[in-house]
Amino acid sequence: MMGAAASESAYRVLMGVLESRTGQTLSPNRIWRIEMSLKPVMQRHGIADLDALVAALVTSNSRQLLDDTVDAMLNNETFFYREHSVFDDIAKTALEYLHRVNLRERRLTIWHCGVSTGQEAYSMAMLLAEQDSKWAGWRVDIVGTDVSYHAISRARVGLYSQFEIQRGLPVQRMVRWFDQTEAGWLAKADLRRRVDFSVQNMLTDRPPLGGSADLIFCRNLLLYFSLPMRQKAFARLRAVAAAQSFLVLGAGETVLGQTDQFVASPRLRGLYEPADQQVRRPDSSRSIAA
Ligand SMILES: C[S@@+](CC[C@H](N)C(=O)[O-])C[C@H]1O[C@@H](n2cnc3c(N)ncnc32)[C@H](O)[C@@H]1O
């Protein structure tokens, strides 16, 4: 249902802008929120309503206005240790497995695609830091990317409100890894230096870490893509995945009927592997599944 205040064509243009810039399509239950999401942008740029916003986008050529508009329509919902059992399982199984298969190179690379404001990548960074003795002498890279420049600037700063810090983060970790400041809870330098964040559209920009990511998180992003976009996204994820690697999706997401590039891991419940990994895995007889 379109909002009453703006013309249908304004909504159509805005949805088209979002899709062309990010691949995201707005489900009907998110369309009604467009006006509310864009209110702060319109206020900041002195624009009266959605029709005027569309006119300004078309005529002004303002990069800032375009970025702000797209950013405001994205769903950046995230929190620390979201679906915490996923992190527990990864700590017990995937990291054990990757430690064993990468032992010679001593290198572990983790990509958080669609990392939003950073909580997911910091969750992994804290978990790995607490296993420091296991990874001593290893090169561990954690990279977080997102199409939203606003989300990535927040992730880089690592400053969270009282509400955000309490969502999913156990108190011991909060105290160990964050400092309470007047502005909110600030990730300590020792945590921030463990993650690299950059702005990137996963559908069009050159993927980071080509062919070398051991663990890829792409959670709660693909569900906003149409099937063809999702298929393209899986192909991009596959291009980044190391020969022996795992893909982590959100709770409501699957590869079934979506792609033949990844399959459900036969050894690690809830994770996915590149489809050709099954054939290429030199130690495929070994299993670490509980
Ligand atoms: C709902 S959040 C999920 C954040 C985190 N992965 C989680 O599960 O908590 C989805 C994120 O995907 C990002 N996103 C959407 N389209 C994208 C694209 N084409 N490339 C990169 N990031 C994208 C959004 O900006 C948003 O921050």
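The centres of domain 1 and domain 2, taken over C-alpha atoms, are separated by 29 Å. Domain 1 covers 8-73 and domain 2 covers 84-280, with bounds that come from an automatic or database domain assignment. This is a predicted model, in which local features need pLDDT of at least 70, side-chain atom pairs count only at pLDDT 80 or more, and totals for chains, interfaces and linings use all residues. Residues are numbered from 1 along each chain as its sequence is written.

**Between the domains**
- Ten residues of domain 2 are in contact with six residues of domain 1 (C-beta atoms, placed from the backbone, within 7 Å).
- On the side of domain 1 that touches domain 2 there are no nonpolar, four polar and two charged residues (Ala, Val, Leu, Ile, Met, Phe, Trp, Tyr, Cys and Pro count as nonpolar, Asp, Glu, Lys and Arg as charged, and the others, Gly among them, as polar).

**Around the ligand**
- The ligand lies between domain 1 (8-73) and domain 2 (84-280), because both give residues to the shell around it.
- That shell divides into seven nonpolar, twelve polar and five charged residues.
- Thr78, Gly114, Ser116, Met202 and Arg219 come nearest of the 24 residues around the ligand (a residue is near if its C-beta atom, placed from the backbone, lies within 6 Å).

**Helices H3 and H5**
- Helices are DSSP runs (H or I, at least four residues), numbered from the N terminus.
- The axes of helix H3 (residues 34-44) and helix H5 (residues 63-73) cross at roughly 140° and come within 9 Å; axes are lines fitted to C-alpha atoms over the stretch in contact, and angles run from 0 to 180 degrees between N-to-C directions.
- Ile34, Ser37, Leu38, Pro40 and Val41 of H3 meet Asp68, Thr69, Ala72 and Met73 of H5 in the contact.
- The residues of this contact of H3 with H5 divide into six nonpolar, two polar and one charged.

Key: Contact = placed C-beta atoms within 7 Å. Helix = DSSP H or I, 4+ residues; strand = E, 2+ residues; numbered from the N terminus.
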